Structure formats: C-alpha cells, structure tokens
Amino acid sequence: MPPSSVAAVAPARGDTNANRWWILVVIGFAQLMVVLDSTIVNIALPSAQHDLAFSDDVRQWVGTAYALAFGSLLLLGGRVADLFGRRPAFLVGLAGFALMSALGGAANGIELLIVARAGQGVFGALLAPAALSLLSTTFTDPAERGKAFGVFGAIAGGGAAIGLLLGGALTQYLDWRWCMFVNIVFAAVAFAGAVAMLRPLPRTGGRPKLDVPGTLTASAGLFALVQGVAHAEAEPWSAVSVWGFLAVGVALLTLFVYLQTTVEYPLLPMRVLFDRDRGGSFLSVFLRGIGMFPVLLFLTYYLQRDLGFAPITSGVAFLPMVATLMAGAAAASGVLSKFGSRALISLGMLIAAAALCWLSAIDTVSTYFSGVLFPLMVFGLGIGVSTAPAMSAATTGVRAGDAGVASATVHTAQQIGGSIGTALVSTLVANAVTTFTGGTAPVPGLAAEAAVHGYRVAFSWSAGFFAFGTVVCAVLLRPRARDASGRNRPQ
C-alpha cells in the first residue's frame, strides 16, 4: 500500500491545544449548515411553492434533487478530500454550498431552485466528509477526542430539529428565501475560520490515482438506490420505478464491492469496511438513520396538523429534545474512553427505543405536555448518547489516507438510512391508515383517529429499528475501547 497522499491538517499557528478547539468551532458551523439544511428547507417549502407557483407533482424534487446529489457523491467527495487535501476540500465545499444557497434564495422559478438544491448536494458531498475527517485527524488524544466527538455528535443529532426552529422563524418573520440565504452566514464564518486556523501538512508520498470504475459504479449505484427510495414515498413498492431502481442500485453496488478488491487504488478500501468495530459503527449509523428521520417527519405532522402548532411553535417544541440530546452527547463523550463505544451505542439506542414505545401511546386527546414532551426528551437523550460514540468508532484507527472516505461512509450510511426509513415508514403508515378507515373517506372525527393511529404505527416501527440496532451493536462491536492510534485495549 503506498503512503498516504495527504497528511492530516494541522493548526495554523500559536497554541496548538487552543487552536484545536477553535477548529472544532469551525467544523461545527459547517456541520450544522449541512445537517439543518434538509429540515429548514422543508419548513420553507409551502411558502416557496406559493411564491414561485409550482405544482405539487414537482414539489418533491426540491428535496429529492439534494438527496440524489448528496447521497450519490459522498464516497467520491470523501476520496477527493483524501487525495487532494482536506483543507482545500473543506474550503471549496463551503464556498460552493454558499454559492448554491445564494442561487436558490434568488430563484425566480422552480427550475432554478431545483438546480440550486442539486448544487448544494454536490458541494455538501465534498464538505461533509472533509469536516468529519478533519475532526478525526485533529483530535487524536483519547480524552480530547471524546469531548470533540461529543460536540460534533450533538450537532449532527440536533441539527435537524434546530432547522425546524430556524426555518419556522425565518419563514414566519422574514421570507422563505432566508432559509437559503442563512447558509451564506454559516459558510462565511466557517470559511474565515478555516483560512485562519488550518494549514495543510506537507505531502508524505505520491498521489494515488482516482479509481474511475469504482467512482462510476458507486455513484451510479447510490443514485439508483436513492432514486428508488424517493419514488417509494409516493408510489407502491411494486412499481417498476421503485423496485427497478433499487435492483439496479444493489447490482451496481455489488459490482462496486467486487471492483474494490481488484484495483490498485480503490475508492473505498475494504479494510475500512471489514474492520469489525468500524463496520458495526457504520451499521449503527445506518439503523439510527432509519429510525430517527421518520420520527422527526411524523412528529412534525402531528404537532402542526393535529395539535395546531404554527411552524415556529413546532420548532420550539423540539428544543427540549435538542437540550437532552446535547446533554446525552456530553455525558457520553466524558465516559467514552472508560466504557467504550459498544456499551454507549447500545445503551443510547435502547433508550431511544424505549422513548418511542412511550411516544407511541399518544391518542386523540393527548397534548404536547401529556403525550409528547417527556418521551421526546428521553428520545433526545438516547440519540445523544449513541451518536458521538458511533462516529468516533467509525473513524478511529483508520489510516490517514483513508480518513476522508471513512467519514464519507458514515454520512452515506446516515443518508441512505434516513431515505430508506422515511420511505418505508411512510408506506407502512399509509397502509395502516387505509386499513383503519376501511379504504373509504373518513368523517372528520374518524380522520383524526386514523391520523393518530398512523403516527403510532410510525413511532412503533422506529422503536423496532432502534431495538434491532441495540442487538446488532451488542453483537458486532467488541467490548473494548480503542485509543487514538487504533490499538484495542481492555476496559
């Protein structure tokens, strides 16, 4: 194996310990921008549709365009960061994301808005893995690493809920376009900080070639997979546009895995996946995405449609979850080196499963305080406890030249998991509501009961995914913690 093409990025000057924490602030701004972008746009979408006068049948492409570009290009973005430097990838990703956000905010029609969203996905696929790999290579001390990943995990887990609050406020008090323009502020702060705080270390070896066959098969396979899942949200799984794309995606990704074992410079070296702890962590992130994203979606529906919350009020309603998520992430980061990833990931997913079982007890007379608040807080705690250890384990011990693609794999697992979870649970909820009403148009009272029944089904299935994740993590992950060098050590 040739030496790493690009070494880690070091602090630029002064007290390196202090600079590392400023680097965390810079990375945090970038990560928050990427994570909250999906939900902040969802909140703005009804106003954008009214302003730009586009039809319901093209509305879904505002979200789908981003998901397709982001999900299909993540592995390429991660490897580009490894080959050409994480600092340049980070800066280009920030600048491009800001430019596409400005284009979307200034859009005078649906076509330009969709192009801007796809552009955000392209640059997000470059930015997100660069940010996580910068974090992984900057914080190598086990104690500092745990704290840094605790902060990063809190942002990754709570960013979607923060997007609901920020999107509601901007849409209600300013204009939907500010849900796009606000990204320019985040990007400008992160860009200035990165220029000031980061410098690339000298190259330690020759630059490997980019794996073109692997890039084409992986990108096309992920594109087909996300496209099939996107169609499944509105069409039956038996539709050719659903299973056809899914079959093509699986076939291309199978070919991709085979190619990675035969080429000299693979896009995704199998050593990254086949490490037991990293593979288990990737799977835990995938299952967490399946379980978490439908909860945020259907709970938003419940708050706005059934409890009558305004967009900004529904965003505020998620703040207690964000608070407990941050507390859980902080607590997990403090004991990560002591208890290891397996115990904390399994515990967090078990807590989340229990919270969703509690949440699934809502009925038509439930209120926010009687049926939502406390299980939502417990759910946030579980997400916080599990997120930081999973991301840390997924990137600990990886070779410096593989840090970008390992980070990209984390984001890919979450993106694909979230897409599959949203589509699958949406189908289950639709079937449950149809069965509940007997397939006929319900009277108003029955319609409310049917809707709440659908939410209960969504929360119950998500609880099942988290429970399954608990078992998977307990079985796959080793009961040992790793230090920053990747050596296993007993607890």
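## About the model

Because the model is predicted, local features need pLDDT of at least 70 and side-chain atom pairs count only at pLDDT 80 or more, while totals for chains, interfaces and linings use all residues. Residues are numbered from 1 along each chain as its sequence is written, and side-chain values use heavy atoms, leaving out hydrogens and water.

## Helices α8 and α9

Let's start with α8 (residues 212-232) and α9 (residues 240-260), whose axes come within 7 Å and cross at roughly 155°. That makes the two helices roughly antiparallel (the word covers angles over 145 degrees). Their crossing is left-handed, meaning that the near helix is turned anticlockwise from the far one by less than a right angle. By class, their contact has 18 nonpolar, nine polar and no charged residues.

## A closer look at α9

With 21 residues at 1.5 Å a residue, α9 should span 30 Å, and its end C-alpha atoms are 29 Å apart, which agrees. The expected span is 1.5 Å times one less than the number of residues.

Buried residues (under 20% relative accessible area, with a 1.4 Å probe and protein chains only) of α9 include V242, G244, L246 and F256. The buried residues of α9 pack against α3 (61-84), α8 and α10 (270-274).

## Residue T324

Further along, T324 sits in helix α13 (residues 319-359). Leaving aside neighbours within four places in sequence, T324 is in contact with L376, M377, G380 and L381, where contact means heavy atoms within 4.5 Å.

Technical notes
Axes are lines fitted to C-alpha atoms, for helices over the stretch in contact, and angles run from 0 to 180 degrees between N-to-C directions. Helices (H or I, at least four residues) and strands (E, at least two) are DSSP runs, numbered from the N terminus. Angles under 35 degrees count as roughly parallel, over 145 as roughly antiparallel, 65 to 115 as roughly perpendicular and the rest as oblique. Ala, Val, Leu, Ile, Met, Phe, Trp, Tyr, Cys and Pro count as nonpolar, Asp, Glu, Lys and Arg as charged, and the others, Gly among them, as polar. Buried means under 20% relative accessible area, exposed over 50%, partly exposed in between (1.4 Å probe, protein chains only).
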